[in-house]
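Here are a few notes to read alongside the structure.

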Amino acid sequence: MSVEGSGPAAESAGVKTEGRGEMIKAPMNLQDLRRRLYVKAKTEPSWRFWGIYVHICKLETLQEAYVLTKANDGAPGVDGVTFEQIEEQGSECFLEQIRNELVQRTCVPLPVRRREIPKDGGKGKVRVLSIPAIRDRVVQGALKLILEPIMEADFQPGSYGYRPKRTAHEAISRVAENIVRQKTRIIDIDLKSYFDNVRHDVLLAKVAQRVNDPQVMHLLNLILKSTGKRGVSQGGVISPVLSNLYLNEVDRMLERAKESTRNGTYTGIEYARYADDLVVLIGAHKNHDWLLAAVERRLREEFAKLKVEINEEKSRIVDLSRGESFGFLGFDFRRLRSRSACWSPKMPCTYAGGWKPGNVYVSAKRRGLPVLDIRPSCQISTRPHLPAELSKTSLARPSCLICTLMPTYPVVNISSVIALPMLMRP
């Protein structure tokens, strides 16, 4: 259980206060405030922040939130107000009105506008997007600017979805590099309608472990209620932070499992999560056989606590050494054996050593090394859920040491395939 400190977090971050909840203008800009909130949260994991609502109401915070919201563009909400209309009337008046509502505690979010888009796999399935009004997106953006550095301090290294300075490329590289390190047994977890089934009471309790500001909690509760009795909107500005926080305890459990299997720099378990997409990689050695059932059991226990349902039809256990494959972030992972069927525990060459990518693959093939093949599952035009950063650019230079780009399998916007020599014996 969180323990409160002897004074407000804002005071330790350089904000002058006049009693609990009364704060005068802070002598720092927004960037400095966010940095100090993060440092405070990172150095004191049990600290509960209070007196931060005033920073959400600041015009500087609202202006930054408006700039970020406008940069993302997006469709109007249920009120039909567009950015063009706001600019015609003056964004300053628009933000001043929002600020007055926040200060006077009269800000009530409008109901979200729901829009259906085709879901991956077809068969008539659709994904429901909840689009807040622009004014509500600005309020959510201001709330995110203050809460994000606090929550980021608690997030785990295996989580990549919609986090600052983290991309889907890094999540794919993490999976590929650990497969090369002999973690070839995969637990592929698919959550059933995750964003639509987030329990508001459970989520608010998790936020309250770090935030002890009734005004912030009240505003967040209003935002959640605007989406319905449960779930977070898949179009809300603050939804990525909240969805990551909801599954953070699952990440912590996997981090503890990693440490319990650590032997020097090697661990028997690794994982990567991008929002609701989760894969757990377990070592191929027979000493790790018990981990497969133990980790799966613990995952089910953690998801049961969160009232999150696992999609049994899509969730499965994969063994790459048996020729099986799995998908992650729009890419299929499988292992290919060379024609000579020889195995070698040594790297033939390194990308950093001056070899061109094509030479790396040729060398690996001639020496009979098994190869990890990662290729796009299908064209991006049929994958509307694929992360934007994957659809804009090809995987031009993976971070792994041994790699190759093979333009043999061209697809829309992605024309590359990564091949990594496998460093393991059958």
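1. Let's begin with arginine 135, which counts as buried at 16% relative accessibility. Keep in mind that this is a predicted model. Aspartate 136 is buried too, with a relative accessibility of 4%. The two side chains meet in a salt bridge, 3.0 Å from N to O.

2. Arginine 135 also turns up where two helices pack. It is among the residues of H7 that meet H6, together with Ile134, Val138 and Val139. On the H6 side, the partners are Phe94, Leu95, Ile98, Glu101 and Leu102. Sorted by type, the residues of this contact are seven nonpolar, no polar and two charged.

3. How are H6 and H7 placed? H6 covers residues 91-103 and H7 residues 134-152; they pack at an angle of about 65°, with axes 11 Å apart. Their crossing is right-handed.

4. Lysine 70 and glutamate 87 form a salt bridge, 3.1 Å from N to O. Lysine 70 sits in H4 (residues 59-72) and glutamate 87 in H5 (residues 83-89), so the pair ties together parts 17 residues apart in sequence. Both ends are partly exposed: lysine 70 at 38% relative accessibility, glutamate 87 at 35%.

5. Have a look at aspartate 319 and arginine 322 as well: their closest N and O atoms are 3.5 Å apart, in a salt bridge. Aspartate 319 is buried at 13%, whereas arginine 322 is exposed at 68% relative accessibility.

Definitions and conventions:
Residues are numbered from 1 along each chain as its sequence is written. This is a predicted model: local features need pLDDT of at least 70, side-chain atom pairs count only at pLDDT 80 or more; totals for chains, interfaces and linings use all residues. Side-chain values use heavy atoms; hydrogens and water are left out. Axes are lines fitted to C-alpha atoms, for helices over the stretch in contact, and angles run from 0 to 180 degrees between N-to-C directions. Helices (H or I, at least four residues) and strands (E, at least two) are DSSP runs, numbered from the N terminus. A crossing is left-handed if the near helix is turned anticlockwise from the far one by less than a right angle, and right-handed if clockwise. Contact means heavy atoms within 4.5 Å. Ala, Val, Leu, Ile, Met, Phe, Trp, Tyr, Cys and Pro count as nonpolar, Asp, Glu, Lys and Arg as charged, and the others, Gly among them, as polar. A salt bridge is a side-chain nitrogen of Lys or Arg within 4 Å of a carboxyl oxygen of Asp or Glu. Buried means under 20% relative accessible area, exposed over 50%, partly exposed in between (1.4 Å probe, protein chains only).
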